[in-house]
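Subject: Structure for you to look over

Hi,

Here is the structure I promised. Please have it open while you read; my notes follow below.

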Amino acid sequence: MEMSELMVGDAVTRLRRAHGQLAGVIGMIEAGEDCSKVLTQLAAVSKALDRAGFKIVASGMRHCQAARARGEEAPMSIEELEKLFLSLA
């Protein structure tokens with residue numbers, strides 16, 4: 001299934017934010033920051049990535065459901081969507 005920015009716009013915003021956070025974590029490591037501060041920020045990046053992934057899967061589910069409601073064949077089966085969802089767990 002092809003993704004459009006309209007379909008996953010919020011996920012793109014989350015990924016851009018995570019990109020900036022990750023650059024900050026790298027800078028913290030290079031500057032020799034305290035381990036606990038680095039790990040706290042790294043956990044935030046990880047959560048942001050997870051939420052972006054879940055947003056993309058949720059958008060795909062809505063897109064497929066809308067196609068089915070219109071009587072069209074969905075671009076992905078429920079099993080394929082479930083597999084994507086579980087890959088994030």
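How many aromatic pairs does the count come to? The count comes to one aromatic pair. Phe54 and Phe85 form it, with ring centres 5.5 Å apart and 45° between the planes. That makes the pair tilted. It ties together distant parts of the chain: Phe54 sits in helix α2, Phe85 in helix α3 (residues 78–87), and 31 residues separate them. Phe54 has 33% relative accessibility, so it counts as partly exposed. Phe85 is also partly exposed, because its relative accessible area is 39%; the class lies between under 20% for buried and over 50% for exposed.

One caution before the rest: this is a predicted model.

Overall picture. The protein chain has three helices and zero strands. From the N terminus the order is α-α-α. What radius of gyration does the protein chain have, and what would a compact globule of 89 residues have? The protein chain has 17 Å, whereas the globule would be near 12 Å. Along the principal axes, the C-alpha trace spans about 55 × 25 × 15 Å. Of the 89 residues, 21% count as buried. The chain exposes about 6300 Å², and carbon and sulfur atoms supply 59% of that area. Among contacts with a separation of 6 or more, 53% come from residues 24 or more positions apart.

Salt bridges. A search of the whole structure finds two. In one, Asp10 meets Arg14, with the closest N and O atoms 3.0 Å apart. Both residues lie in helix α1, four residues apart, or about one turn of the helix. Asp10 is partly exposed because its relative accessibility is 34%. The other bridge joins the side chains of Glu72 and Arg70, at 3.0 Å from N to O. Glu72 has 43% relative accessibility, so it too counts as partly exposed.

Surface patch. Which residues form a nonpolar patch on the surface? They are Leu22, Ile26, Leu39 and Leu42, with about 330 Å² of accessible area together. Two elements give two or more residues each to this patch: α1 (5–30) and α2 (35–69). Leu22 belongs to helix α1. Is Leu22 buried, partly exposed or exposed? Leu22 is partly exposed, because its relative accessibility is 38%.

Best wishes

Notes: Residues are numbered from 1 along each chain as its sequence is written. This is a predicted model: local features need pLDDT of at least 70, side-chain atom pairs count only at pLDDT 80 or more; totals for chains, interfaces and linings use all residues. Side-chain values use heavy atoms; hydrogens and water are left out. Patches are made of residues with over 30% relative accessible area and no salt bridge: like charges are joined within 9 Å, nonpolar side chains (Val, Leu, Ile, Met, Phe, Trp, Tyr) within 5 Å. Accessible areas come from the Shrake-Rupley method with a 1.4 Å probe; for residues, only the protein chains shown count as cover. A salt bridge is a side-chain nitrogen of Lys or Arg within 4 Å of a carboxyl oxygen of Asp or Glu. Buried means under 20% relative accessible area, exposed over 50%, partly exposed in between (1.4 Å probe, protein chains only). Rings of Phe, Tyr and Trp (its six-membered ring) pair if their centres lie within 6.5 Å; planes under 30 degrees apart count as stacked, over 60 as edge-to-face and the rest as tilted. The radius of gyration is taken over C-alpha atoms; the globule rule is 2.2 Å times the number of residues to the power 0.38. Contact means heavy atoms within 4.5 Å.
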